[in-house]
Amino acid sequence: MSEAIIEIQSLSKTFRTKDSEVRALNNINLTIEKGDIYGIIGMSGAGKSTLVRCINMLEKPTEGTVLFDGHDLSSLSSKDLRKVRRSMGMIFQQFNLLMQRTAEQNICFPLELAGVDKTSARKRAKELLELVGLTDRAQAYPAQLSGGQKQRVAIARALATNPKVLLCDEATSALDPTTTTSILALLKDINRRMGITIVIITHQMSVIEEICNRVAIIDNSQIAEFGAVEDIFHRPQTAAAQKLVYPEGKLSDKMISKRCMRIVFDGNSSFEPIIANMVLDCKAPVNIMYADTKDIDGKAFGQMVVQLPQDEALAQKMFAYVRAKGLSAEEVNGYVG
Ligand SMILES: Nc1ncnc2c1ncn2[C@@H]1O[C@H](COP(=O)(O)OP(=O)(O)OP(=O)(O)O)[C@@H](O)[C@H]1O
């Protein structure tokens with residue numbers, strides 16, 4: 001049975017400066033369950049970083065509560081809060097490593113703060129360096145490491161105190177696509193092997209699709225939509241979700257005032273030439289406005305947007321054809337990114 005590890009209840013955060021007030025979070029309710037890889041996605045300024053900082057109480061909520069493993073964090077003494085924080089590892093976009101310390105010494109750092117003796121700390125650091133694939137770089141300084149390697153050290157450091165949750169704030173945003181994939185694979189492996197719950201803050205839907213099982217979309221300081229990643233990717237309900245899921249920009253100019261069908265390939269169908277067969281079956285041509293599909297072991301993943309014929313009966317026939325093949329299809333009428 002699933003069990004909540006983080007419960008955010010009616011949480012709001014207002015920043016007050018001398019002459020202004022910013023409501024960064026407005027009535028957030030969110031439950032993250034043990035073992036989840038939970039994505040929190042939104043545009044710049046939506047409130048993502050504030051939310052993650054409220055989860056570990058680096059930022060005190062103006063209203064509402066955060067329950068961590070059943071404990072109301074705002075009711076804890078600072079000593080207890082420090083203890084709980086050790087159960088929440090965190091990694092950042094800019095890695096935040098200590099530049100004057102080697103990889104191994106960076107990993108030992110939180111253990112030293114927790115009062116662990118040097119020998120035990122070094123032993124644990126060695127295990128973690130092995131886990132993140134950096135055994136041979138133990139004595140390297142951050143300046144001698146690539147971005148991906150630095151993030152691996154940061155992950156090892158975050159895991160040093162055996163956290164229950166790993167909070168990742170734009171952890172792959174400074175990395176190239178290949179390195180991003182390898183870091184996400186490492187996080188997935190850590191989640192599976194160690195059972196650590198992972199919270200991923202990002203502005204990239206590709207990150208969510210790659211490793212998260214659940215997602216919350218934060219827009220304008222509020223949760224616009226949340227649920228299983230598959231459901232949101234197939235059927236985004238709100239404008240905020242659609243903006244993230246649809247291939248924005250790449251087709252917006254072409255799609256203005258055109259009636260289109262978005263088809264999602266989720267790996268349940270083999271990659272038969274579905275559009276070609278639909279055209280043959282319906283005896284009407286279509287324009288492919290956008291396609292981002294990939295073939296993995298003979299299964300199709302990704303999405304495609306095709307312009308539908310003007311004729312209503314033909315358009316409906318095309319929807320029926322695609323859905324009969326077990327694919328999800330929805331209309332994106334006059335969508336402008
Ligand atoms: N310490 C602060 N004082 C005043 N305003 C703040 C503070 N921290 C954040 N804000 C404001 O709160 C809002 C949300 O910011 P936040 O950094 O949480 O957004 P974000 O979604 O993480 O954005 P980004 O992806 O650009 O980092 C913004 O309007 C921001 O200017």
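Begin by selecting the largest nonpolar core, which has 90 residues; a core here is a set of buried Ala, Val, Leu, Ile, Met, Phe, Trp, Tyr and Cys residues joined through C-beta atoms within 7 Å. A residue is called buried if 20 or more other C-beta atoms lie within 10 Å of its own, exposed if 12 or fewer, and partly exposed in between, with C-beta atoms placed from the backbone. Ile107, Ala156, Leu167, Cys168, Val199, Ile200 and Ile217 have the most contacts inside this core, and helix α5 (residues 147-159) supplies its largest share, six residues. Helices (H or I, at least four residues) and strands (E, at least two) are DSSP runs, numbered from the N terminus.

The model is a predicted one, in which local features need pLDDT of at least 70 and side-chain atom pairs count only at pLDDT 80 or more, while totals for chains, interfaces and linings use all residues. Residues are numbered from 1 along each chain as its sequence is written.

Now display the open sheet, whose four strands follow the order β2-β1-β4-β5 with antiparallel pairing, two strands being paired if DSSP finds at least two bridges between them. Because β2 and β5 (71-72) stand at the edges with a single partner strand each, one side of each is left without a neighbour in the sheet. Strands β1 (residues 4-16) and β4 (residues 63-68) are joined by five bridges, and Gln9 has Thr65 as its bridge partner in β4. Helix α1 lies across β1, β2 and β4, at about 60° to β2; the angle, on a scale from 0 to 180 degrees, is taken between N-to-C directions of axes fitted to C-alpha atoms, for helices over the stretch in contact.

Select the ligand next: 13 residues surround it, the closest being Phe15, Ala24, Ser44, Ser49 and Thr50, where a residue counts as near if its C-beta atom, placed from the backbone, lies within 6 Å. Helix α1 (48-55) and strand β2 (21-33) each supply at least two residues of this shell, and α1 gives the most, with three.

Finish with two loops. Glu170, between β7 (165-169) and α6 (177-194), has a positive phi near 50° and, with 19 C-beta neighbours inside 10 Å, counts as partly exposed. Ser221, between β9 (214-219) and β10 (222-228), has a positive phi of about 75° and counts as buried, with 21 such neighbours inside 10 Å.

Terms used. Contact = placed C-beta atoms within 7 Å.
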